[in-house]
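Trainee: Could you walk me through a model and show me how to read its features?
Mentor: Gladly; let us look at it together.

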Amino acid sequence: MNIRLILSGVVSFVFYFSWAYWANSSADIAKSVMLQAALVQGLYSGFVTLFFTFILEKVVNKYKFSYVTLAFVTPIICMFHSKTPQNVAIRQSFNNAINSSASYLGNKKIAGVLFAPIIPITIQSSLVIMVNVINQTPNLALTVAPSIFFTALYAYTYMLALLKKVER
């Protein structure tokens, strides 16, 4: 395991332990509950950051030269199986948008690697909420919101750093 991975885990533990301790510090919350919430959030975040960083490196390396065009992504996203008037109207709107954007986009492409962090971010966000619900963290939203936001920010920043490293 490289030093960058270990350091990211340690920094994550310290930050999220401190944040969860502060987020749950209240006169009506017992110190033991506050400390337990901080330890759970800190340990979880440290471990997940190690795992997340490792997976992100693998995904970026796999998709760094892949490209996706919006003209092919949108129809997949917009497949509606129900024939309700609302879904028919949405489908027609998307079809119109696809037709008009297809001529504009032409051969313009989006790097597929930009989509790489979406699945790990979604998994991490679901896990951090689940772990804290199971732990019965008193102030759940305030405890997990920074974790989700900074995970996404970290993912894209780290991905860009990895891509710049590849370009050299």
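Trainee: Does F115 count as buried, exposed or partly exposed, and what is its relative accessibility?
Mentor: Buried means under 20% relative accessible area, exposed over 50%, and partly exposed in between (1.4 Å probe, protein chains only). At 36% relative accessibility, F115 counts as partly exposed. Its place is the loop between strand 2 (110–111) and helix 5. In space, F115 and V59 are 9.8 Å apart, C-alpha to C-alpha, although 56 residues separate them in sequence.

Trainee: What should I know about the model before going on?
Mentor: This is a predicted model, in which local features need pLDDT of at least 70 and side-chain atom pairs count only at pLDDT 80 or more, while totals for chains, interfaces and linings use all residues. Residues are numbered from 1 along each chain as its sequence is written, and side-chain values use heavy atoms, with hydrogens and water left out.

Trainee: Where in the chain is confidence lowest, and where is it highest?
Mentor: The term pLDDT is the predictor's confidence in each residue, from 0 to 100. The lowest confidence is in helix 3 (residues 70–77), with a mean of 51, and the highest is in helix 1 (residues 3–23), at 88. For the chain, the mean pLDDT is 78, and 73% of its residues reach 70 or more.

Trainee: How many helices and strands are there?
Mentor: Helices (H or I, at least four residues) and strands (E, at least two) are DSSP runs, numbered from the N terminus. The chain has 6 helices and 2 strands, in the order α-α-β-α-α-β-α-α from the N terminus on. Of its 168 residues, 30% count as buried.

Trainee: How do I check the length of helix 5, and which of its residues are buried?
Mentor: The expected span of a helix is 1.5 Å times one less than its number of residues. Helix 5 (residues 118–134) has 17 residues and should span 24 Å; its end C-alpha atoms are 24 Å apart, which agrees. Its buried residues are P120, I121, Q124, S125, V128 and N132.

Trainee: What is the phi of Q136?
Mentor: Phi of Q136 is near 60°, a positive value in a residue other than glycine. Q136 sits in the loop between helix 5 and helix 6 and, at 65% relative accessibility, counts as exposed.

Trainee: How much space lies in the largest pocket?
Mentor: Rolling a probe the size of a water molecule over the atoms shows where empty space is left. On a 1 Å grid over the protein atoms alone, a pocket is an open set of points where a 1.4 Å probe fits, with protein on both sides within 12 Å along at least five of seven lines; lining residues have an atom within 4 Å of a point. The largest pocket holds about 330 Å³, a volume being the space filled by probe spheres set on the points, which are joined across faces, edges and corners. Of the 16 residues that line the largest pocket, S8, S12, Y16, T49 and Y154 are the closest to its centre. Helix 1 gives the largest share of this lining, 7 residues.
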